[in-house]
Amino acid sequence: MPEFDLGTVGATLGPLQVWVLPALLGLGLASATGLRTFLPLLMLALAAKFELFGVRLIDQMEWLVSWPAIAALGTAATAEFAGDKIPAVDHFLNAIGYVVRPVAGAVAAGSVFWAVDPTAAAIAGVIVGAPAALAFNAAQTGARVTSTATTGGLGNPVVSFIEDVLAFVTVIVAFLAPIIIPIVLIVLAVVVFRLARRIRERNEPGAA
């Protein structure tokens, strides 16, 4: 990747492209990591590798587009996808998610602030990414606990697959239209909440 004078780039592009759009893209990526740790990072790496959707990474994260990194992320994403369909294993993944997903969210968010210096990008990543990932991991916990309590864990694979789709779609929307990510995240939060409530209501005694 060619070298840029970040000060000149920032002055040329303006705050929308330097801060606002990367923040919205990072917010979408980080929120998706709250549901799946590795899938959003894998999609980010592939998008940057093949120069899709105009995605660019800060120089310090260029290693993410290497084939070994992509292979490792692909393996991890596949293992997470499979493991999350197994009752008990899914709770373990969710529990460790309270530690690893905010980190993944901060990394994903900070990586896309390519037009600022590395320190500012890292701080922005933590501010934008960590809380978003933590919030959606907590929402996932609520849905999963409800599913386990009301279905004995039998409904967990279905819930997990829905979360896979939501994480994937959120990343795609973040790539294509980051400006609407706040609306998408509100809808996503409502979907997760209503999913948990629907599972609870369908399995309450006396429910049809």
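1. A crossing of two helices is called right-handed if the near helix is turned clockwise from the far one by less than a right angle. In this predicted model, the crossing of helices H3 and H7 is right-handed.

2. H3 spans residues 39-49 and H7 residues 156-176, and the two pack at an angle of about 35°, their axes lying 10 Å apart. On the H3 side the contact involves Leu 39, Pro 40, Met 43, Leu 44 and Ala 47, which meet residues of H7 including Asp 164, Phe 168 and Phe 175. The residues of this contact comprise ten nonpolar, no polar and one charged.

3. Asp 164 also forms a salt bridge with Arg 36, at 2.4 Å from N to O. Because Asp 164 lies in helix H7 and Arg 36 in the loop between H2 and H3, this pair ties together parts that are 128 residues apart in sequence.

4. Arg 36 forms a salt bridge with Glu 163 as well, with the closest N and O atoms 3.4 Å apart, and here the partners are 127 residues apart in the chain. Glu 163 counts as buried because its relative accessibility is 2%, under the 20% cut-off, and Arg 36 is likewise buried, with a relative accessible area of 2%.

5. A further salt bridge joins Arg 144 to Asp 90, the closest N and O atoms being 3.1 Å apart. Since Arg 144 belongs to helix H6 and Asp 90 to helix H5, the pair ties together parts 54 residues apart in sequence; both residues are buried.

6. The count of salt bridges comes to eight, and a network of them links Arg 36, Asp 84, Lys 85, Asp 90, Arg 144, Glu 163 and Asp 164.

How values were computed: Residues numbered from 1 in each chain as written. Predicted model: local features only at pLDDT ≥ 70, side-chain atom pairs only at ≥ 80, totals over all residues. Heavy atoms only, no water. Axes fitted to C-alpha atoms, helices over the stretch in contact; angles between N-to-C directions. Helix = DSSP H or I, 4+ residues; strand = E, 2+ residues; numbered from the N terminus. Contact = heavy atoms within 4.5 Å. Nonpolar A, V, L, I, M, F, W, Y, C, P; charged D, E, K, R; others polar. Salt bridge = Lys/Arg side-chain N within 4 Å of Asp/Glu carboxyl O. Buried < 20%, exposed > 50% of the residue type's maximum accessible area, 1.4 Å probe, protein only.
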